[in-house]
Amino acid sequence: MDEQTLVATARAGNHEAFNVLVRNYEGMAYSVAYRVLGQPEAAADATQDAFLAAYRALPAFRGGSFRAWLLRIVTNACYDQLRVAKRRPQTALDNVSEDPDYALALADRGETPEESLLRHELAQILEVGIAKLPVGQRLVLVLSDVEGLSYDEIVAVTGLSLGTVKSRLSRARGKMRDHLTGEREPWGL
Amino acid sequence: MWGLPRHSEKAEHRFCRGNLSAFIDGQLTGRESERVRRHLDRCQACQRELESLQRTVSLLRSLPRVPAPRSFAIPRSTPAPALPFWMRPWAYGALRVASAAAALLLVVALTGGALAGPGVDLAAGERVLRIAAEPSMEAAAPLGTPAPSEGMVALGAPAPAAAAAPNGAASEAEPSAEPMAGALEVMPPPTLTAEEAARATAAPEGRGGGAAATDTTVPTVQAPPVASARAGETVEAPAPEAAVAAAARPATDEPPLGEPKSLVESPGGAGREVADGYALRPWTAGVAELRQRIGGYPWGWWAAGSAMLLALLLTMTLWLRAKRARWP
């Protein structure tokens, strides 16, 4: 069943059809939420809220990219979580790679221990650099360079103008480059 | 000769730096890309910048996707998808039509009121009597007025009949309009709020506080010149509005008419503030006055009602717009 058919079936109230879509996109949705929020629990809450909101809002989906539409809902859920977090004391964002699920994802049996260590270290540095960005730049950078969305899709997800997306991405990349060059290991920069 | 426009080297450098990110993604137009490329051929700093940015993007793209810790499948009990009422197409239209109707009603009410002539202001005597008759005035008595002033006592009874009538009726009943003017002039508002009155009554009843109250605000029948003259006048020849207005204002010896006296700290240190020269006015009196004021104008209630309805509808429209903007 293709995506449009799944969406149409889910819109008629079919939970199973929608859960197929959830399985297809939950990895991407959680990953974006995790990198924007920097915390596994908040990211899981935002992802669950986003899927429930998407199911309720299916009648409002007017075609086009379902991925962009879903990511827009995920982004809104992330902003809601950030608003909630502002009212509560929160933990630091720079321990992102300590998440066991994420550590497992970084494991690659085909590489030497040194290579694995370097990759872990690099991933941690990158995650810390991402977490240090302002949330607007962070979102655009994650969508573009980590998730590989096109500029048009980012415009659809964020509701920003193309010029704003370009400038935010340019600034975010510049800051990430500065973050990497400031490290002990310059990572080929 | 008519090729690309010539820019200074500094401007080219700035343009290149600002567009390297989009250049990497192929998001520049052909002309812009050509401009960046030509500058890159000449500028080694920009070449290094390009390489470092490309390397950064490449490292970011190597980051693995974070795996979801659990399934986010929705439960079967989730209600079927349905648009909330505020997302229905008719919701916005209905609000607009209702807002337009309320605005039209407001215009009609204001126009009708204006065509009907000047509004009938509320009868000042009745207003004052209402304020004076409020029970909280009695509660506030310990503050500055141990007993209602004599003028009030004397005039309270005969006044209502004449005072309850609108201005026109009052002028018929009274020999001249002067007392009425006087009444309106001295009407200005009592300033102590209900909260201050409560604070004052809650103050310790020790000698210090009591003495302070009597010292500063003992009302006497020896009212200020104007007020006493009017009060005397009204006792002999009934002029309810002026007399009642004079009665509503606590009569004191010192302060000139209408001028508030300074706030006085009680020697007991309880922080009690006493303002004399003004009568206490509870909020219910304010509401009653507002109601009378609105009712005093032709079409007043229609105008007030439609204005409130319009404000409510506009608030709902703004709320709806904000909700819809956040909807995917």
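In this predicted model, Asp178(A) is partly exposed, with a relative accessible area of 44%. Its salt-bridge partner is Arg177(A), and the closest N and O atoms of the two lie 3.1 Å apart. Arg177(A) has a relative accessible area of 11% and is therefore buried, the cut-off being under 20%. Arg177(A) also forms a salt bridge with Glu49(B), again at 3.1 Å from N to O. Glu49(B) belongs to helix α3 of chain B and Arg177(A) to helix α9 (residues 162–181) of chain A, so this pair joins two chains. Both Glu49(B) and Arg177(A) are buried.

Asp145(A), Arg173(A), Asp25(B) and Arg61(B) are linked in it by salt bridges. Arg173(A) pairs with Asp25(B), with 2.9 Å between the closest N and O atoms. Asp25(B) also meets Arg61(B), at 3.7 Å from N to O. This pair links distant parts of the chain. Arg61(B) sits in helix α3 of chain B, whereas Asp25(B) sits in the loop between α1 and α2 (30–42) of chain B, 36 residues apart. Arg61(B) counts as partly exposed because its relative accessibility is 45%, between the limits of 20% and 50%. Side chains of opposite charge can pair when their charged atoms come close.

Over all chains, the count comes to 16 salt bridges. Five salt bridges are found across the interface of chain B and chain A. Between these chains there are also 16 residue pairs in polar contact, with both residues at pLDDT 80 or more. On chain B, helices α1 (9–24), α3 (44–61) and α17 (300–326) each supply at least two residues of the side that touches chain A. Helix α3(B) gives the most to this side, with nine residues. By residue class, the side of chain B that touches chain A divides into 23 nonpolar, seven polar and eight charged residues.

The size of an interface is often given as the accessible area lost when the parts come together. For chain B and chain A, the buried area is about 4,400 Å². Carbon and sulfur atoms give 62% of that area. Val66(B), Phe72(B) and Ile74(B) supply 16% of the area that chain B buries against chain A, more than any other three residues. In terms of contacts, 38 residues of chain B touch 59 residues of chain A.

Chain B itself has 17 helices and two strands. Of its 328 residues, 39% count as buried. The accessible surface of chain B comes to about 18,800 Å², and carbon and sulfur atoms account for 62% of this surface. Among contacts in chain B with a separation of 6 or more, 80% are between residues 24 or more positions apart.

Two further residues were examined individually. Thr111(B) lies in helix α4 (residues 89–115) of chain B. With 40% relative accessibility, Thr111(B) counts as partly exposed. Its side chain reaches the backbone oxygen of Val107(B) at 2.5 Å. The C-alpha atoms of Thr111(B) and Ala303(B) are separated by 9.5 Å, although the residues are 192 apart along the chain.

Gln137(A) is found in helix α7 (residues 135–146) of chain A. Gln137(A) counts as buried, at 9% relative accessibility. Its side chain makes a polar contact with the side chain of Lys175(A), at 3.3 Å. Leaving aside neighbours within four places in sequence, Gln137(A) is in contact with Arg168(A), Arg171(A), Ala172(A) and Lys175(A).

How values were computed:
Residues numbered from 1 in each chain as written. Chains lettered and ligands numbered in written order. Predicted model: local features only at pLDDT ≥ 70, side-chain atom pairs only at ≥ 80, totals over all residues. Heavy atoms only, no water. Contact = heavy atoms within 4.5 Å. Buried area = accessible area lost by both parts, 1.4 Å probe. Salt bridge = Lys/Arg side-chain N within 4 Å of Asp/Glu carboxyl O. Polar contact = N/O pair within 3.5 Å; in protein donor to acceptor, adjacent residues only side chain to side chain. Helix = DSSP H or I, 4+ residues; strand = E, 2+ residues; numbered from the N terminus. Nonpolar A, V, L, I, M, F, W, Y, C, P; charged D, E, K, R; others polar. Buried < 20%, exposed > 50% of the residue type's maximum accessible area, 1.4 Å probe, protein only. Areas by Shrake-Rupley, 256 points an atom, 1.4 Å probe, with all protein chains shown as cover.
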